[in-house]
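Trainee: I have a structure to read and would like to learn how to describe its parts. Please show me.

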Amino acid sequence: MISSQGTRGFRAYTAKHLDELLGRAGFDGDTRLRVRAVATVLPFRTNAYVVDELIDWSAVPDDPIYRLVFPQEDMLPEADVSRLAGLLREGAPAAQLNAAANEIRMRLNPHPAGQLELNVPRVGLETMQGMQHKYPETVLFFPKQGQTCHAYCTYCFRWAQFIGEPDLKMASDDVGSLISYIGAHPEITSVLLTGGDPMIMGEPVLRRYVEPLLRVEQIESIRIGTKSLAYWPARFVTDPDADATLELFAEVVKSGKNLAFMAHFSHPRELESPVVEEAIRRIRDTGAVIRTQAPIIRSINDSAETWAGMWRRQSTLGMIPYYMFVERDTGPQDYFAVPLVDAYEIFRDAYSQVSGVCRTVRGPSMSATPGKVCVDGVTEIAGQRVIMLHFIQARDPQLVGRPFFARYDPEAVWLSDLRPAFADRFPFEQGLEATSLARLSA
């Protein structure tokens, strides 16, 4: 294996650097103040690679990578932004500013899809902190040291992890409890390490979470959800522990388990750097499989040409296009959401532009409360125009693969906006009621 022999050289930018960074775009003082106001509610973090290598500052504020990582003043209601900007202008105490920001955050559905109510597993009366078990086969684990990122996406559905509110954060360093829980649930065959971003952790820390899983016979695959290939590809090339990290990946594969590297790419520009190519090559050389996924986001990647270009490039580099997601019902959803009907048309048009090797991709998919719901298209049945959908994954396994129909609604952006066609309720609604009742009686 090639020796990286490098230094990390990572430089993070946070909210305290925001005014200085915005100055690169030539924004006036009032605009910078209002962007800073939004950043009191939604977390901001980026790094020198994103700022210097990926953003075209001559195209700001329309540059897609800029919009991907920098807050926009119209992401929140105007009244809220003006209120927060006023507090900043007046030099209000931090406690007052944070209280106002928290009030707004609680209106933004910080933990969607039943993450805290329905997904957190229990053993007796004890909740398993830092874990989620939504689908029978897969358990999610949030390693404590991996609950930040190299940079934050402005649309991130995990934004509540990063605002410093302990009651909203999912994290654990108790690997023993994870192993015990898996052993008590033989249906679990896959573990997803998520965050945040597990690849923010150095190799010795990452190893403490991964190595024990290699001794659990029932585990077939270990997944790592990460944006690191897009935001800090040097993690796998020149960082001091790049080689050790790749050696750990190879150990997973040699143990007989599948290592699925779930790479998050939101725009083709994230795939252009030579260091990204080298990072991808090195990861694949360990035997790991890289699958790619991202949500469709208005003003960043809401065109068929963008997605087709990403899928072709990803496939050329040896990665597997996996998911087009729908922006989740949290944070500034209204700012970023693409109507479901439009998302399907973009997916279909992009799908038609690529060869069969790219058609491994699925979507557009909503990770909603009952499960992953795929929008399959629009058709007419018995004189009624309807949206066709099916479950890719579900809390109730019996729903997986079963088609169902919603009334046509060109404005709907989420499952909860839809109304059933040909029935009084959707097939999953009775199951959700039963799950809720079971939780209340537990």
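Trainee: At what angle do helix H2 and helix H5 pack, and how far apart are their axes?

Mentor: First, the basis. This is a predicted model, in which local features need pLDDT of at least 70 and side-chain atom pairs count only at pLDDT 80 or more, while totals for chains, interfaces and linings use all residues. Residues are numbered from 1 along each chain as its sequence is written, and side-chain values use heavy atoms, leaving out hydrogens and water.

Mentor: Two packed helices are described by the angle between their axes and the distance between the axes. Helices (H or I, at least four residues) and strands (E, at least two) are DSSP runs numbered from the N terminus. Axes are lines fitted to C-alpha atoms, for helices over the stretch in contact, with angles from 0 to 180 degrees between N-to-C directions. Here, H2 (residues 29-39) and H5 (residues 78-90) pack at about 105 degrees, with their axes 8 Å apart. H2 and H5 are therefore roughly perpendicular to each other (65 to 115 degrees; under 35 is roughly parallel, over 145 roughly antiparallel, the rest oblique).

Trainee: Which residues in H2 meet H5?

Mentor: Contact means heavy atoms within 4.5 Å. In H2 they are Asp 30, Leu 33, Arg 34, Arg 36, Ala 37 and Val 38. Their counterparts in H5 include Val 81, Leu 84 and Leu 88.

Trainee: What is the strand order of the open sheet?

Mentor: Two strands pair if DSSP finds at least two bridges between them. The open sheet of 11 strands runs S5-S6-S7-S8-S9-S10-S11-S12-S13-S14-S15, with mixed pairing. Its edge strands, S5 and S15 (403-407), each pair on one side only.

Trainee: In which sense do S5 and strand S6 pair?

Mentor: S5 and S6 (residues 138-141) pair in the antiparallel sense over 3 bridges. The two form a hairpin with 2 residues between them, and Tyr 135 stands opposite Thr 138 in S6. Further along the sheet, S13 (residues 371-381) and S14 (residues 384-394) are also antiparallel, over 10 bridges; there Val 378 has Ile 387 in S14 as its bridge partner.

Trainee: Is Gln 132 buried or exposed?

Mentor: Buried means under 20% relative accessible area, exposed over 50%, and partly exposed in between (1.4 Å probe, protein chains only). Gln 132, in strand S5 (residues 131-135), is buried, with a relative accessible area of 3%. In S5, 5 of the 5 residues are buried, so this strand is largely enclosed by the rest of the structure.
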